[in-house]
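Student: I would like to go through this model and ask what stands behind each term. Please set the values against the definitions as we go.

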Amino acid sequence: MRDFDFLKEKARQLRVDTLDMILKAGSGHVGGSYSIAELLTALYYDKMNLGTGADDPNRDRFVLSKGHANPILYAVLMDIGFAPKEAKDTLRRYKSPFQGHPDSSKCPGLDSSSGSLGQGLSIATGIALGLKKQGRSEKVYVITGDGELQEGICWEAFMAANAFGLDNLTVIIDRNRLQLSDFTENTNPLDSVEEKLKSFNFAVDSIDGHDFAQIFEALDKTYEGKPHCIVANTIKGKGVSFMENGIKWHGALPAGDEIAAAYKELGVEYGK
């Protein structure tokens with residue numbers, strides 16, 4: 001029986017840690033980090049096989065294709081013991097393991113560097129293909145942003161995943177419908193992304209990306225011979241009401257009274 005109360009509390013704490021890191025750094029992407037909090041929590045604290053640690057070759061793999069949302073991934077890696085907790089206040093600093101985009105040469109537990117949008121899907125597809133050719137049982141999970149899907153390389157990866165029958169690959173689309181400066185549907189419409197992926201022979205599930213019951217129902221499904229795509233309908237900035245569905249919170253930071261207000265909504269009394 002899954003402990004949803006534990007998972008909800010973990011997602012809340014990850015949001016707090018993320019805000020701590022971004023405010024200390026003076027920059028970072030809070031909105032897109034918060035939209036994937038429940039997804040990362042479900043993967044790292046339940047679904048994924050983490051093996052014996054960051055260096056275990058037998059653990060499942062994860063790629064954050066939308067690499068700008070890395071602060072919350074760093075929060076996870078610190079919490080599970082893969083990355084050093086003493087580096088928490090070094091986000092985006094020179095020589096820090098927590099660079100502005102994921103750098104696998106610097107941070108333990110990262111299966112790939114990412115951040116050049118579109119490439120993470122291809123990297124994850126390649127990892128899944130390599131594991132399958134070796135007859136290995138490890139799974140590969142990748143989270144991509146919906147704005148990122150405007151990159152043509154993503155669709156080449158989808159074609160390849162289908163061609164090679166990568167049923168060890170799960171693609172999770174963070175469908176928050178916002179990108180850098182506008183709504184995705186005003187920029188380069190994606191609807192219906194579910195039907196598009198089905199036409200690429202993916203098994204597709206559409207869920208509420210903040211509902212753990214729906215997340216696990218989708219993650220627990222298996223589709224023999226087919227790659228799996230979960231379209232996770234999410235809210236950018238989820239968890240702090242004045243950030244939710246706000247375009248400015250792609251890269252803006254709370255300031256002044258907004259800081260205490262944000263922490264209060266996350267269950268923390270700022271300054272105490």
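Student: What percentage of the 272 residues in the protein chain is made up of buried residues?

Tutor: Buried residues make up 53% of the 272. Buried means a relative accessible area under 20%, exposed means over 50%, and partly exposed lies in between, with a 1.4 Å probe and protein chains only. The model is predicted, so local features need pLDDT of at least 70 and side-chain atom pairs count only at pLDDT 80 or more, while totals for chains, interfaces and linings use all residues. Residues are numbered from 1 along each chain as its sequence is written, and side-chain values use heavy atoms, with hydrogens and water left out.

Student: How many helices and strands are in the protein chain, and what makes a run count as one?

Tutor: The protein chain has 10 helices and five strands.

Student: Why is strand S2 called largely enclosed?

Tutor: Six of the six residues of S2 (residues 140–145) are buried, so the rest of the structure largely encloses this strand. Val140, Val142 and Thr144 are buried on one side, and Tyr141, Ile143 and Gly145 are buried on the other, so both faces are covered by the definition, under 20%.

Student: How do you know that S2 pairs with strand S3, and in which sense?

Tutor: Two strands pair if DSSP finds at least two bridges between them. S2 and S3 (residues 169–175) have six bridges and run in the parallel sense, with Ile143 opposite Ile172 in S3. Strand S1 (residues 61–64) is also parallel to S2, joined by four bridges, and Val63 has Val142 as its bridge partner.

Student: Which strands pair with S5, and over how many bridges?

Tutor: S3 pairs with S5 in the parallel sense over six bridges, and strand S4 (residues 203–208) is joined to S5, also parallel, by six bridges. The bridge partner of Ile172 in S5 is Ile230, and that of Ala203 is His228. Five of the six residues of S5 (residues 228–233) are buried, so this strand is largely enclosed by the rest of the structure.

Student: What makes helix H4 mostly covered?

Tutor: Nine of the 10 residues of H4 (residues 70–79) are buried, among them Asn70, Ile72 and Leu77. The buried residues of H4 pack against helix H1 (4–25), helix H2 (30–34), helix H3 (37–47) and S1. After H4 comes Gly81, with a positive phi near 90°.

Student: Is Ser33 buried or exposed?

Tutor: Ser33 has a relative accessible area of 0%, so it is buried. Ser33 is in helix H2 and touches Thr18, Ala69, Pro71 and Ile72, not counting residues up to four places away in sequence. Contact means heavy atoms within 4.5 Å. From Ser33 to Asn70 is 37 residues in sequence and 7.0 Å in space, C-alpha to C-alpha.

Student: Why is Gly26 called partly exposed?

Tutor: Its relative accessible area is 48%, so Gly26 is partly exposed. Gly26 is in the loop between H1 and H2.

Student: Which residues does a cis peptide bond join?

Tutor: A cis peptide bond joins Asp191 and Ser192, with omega about -10°. Ser192 is in the loop between helix H7 (184–187) and helix H8 (193–199).

Methods
Helix = DSSP H or I, 4+ residues; strand = E, 2+ residues; numbered from the N terminus.
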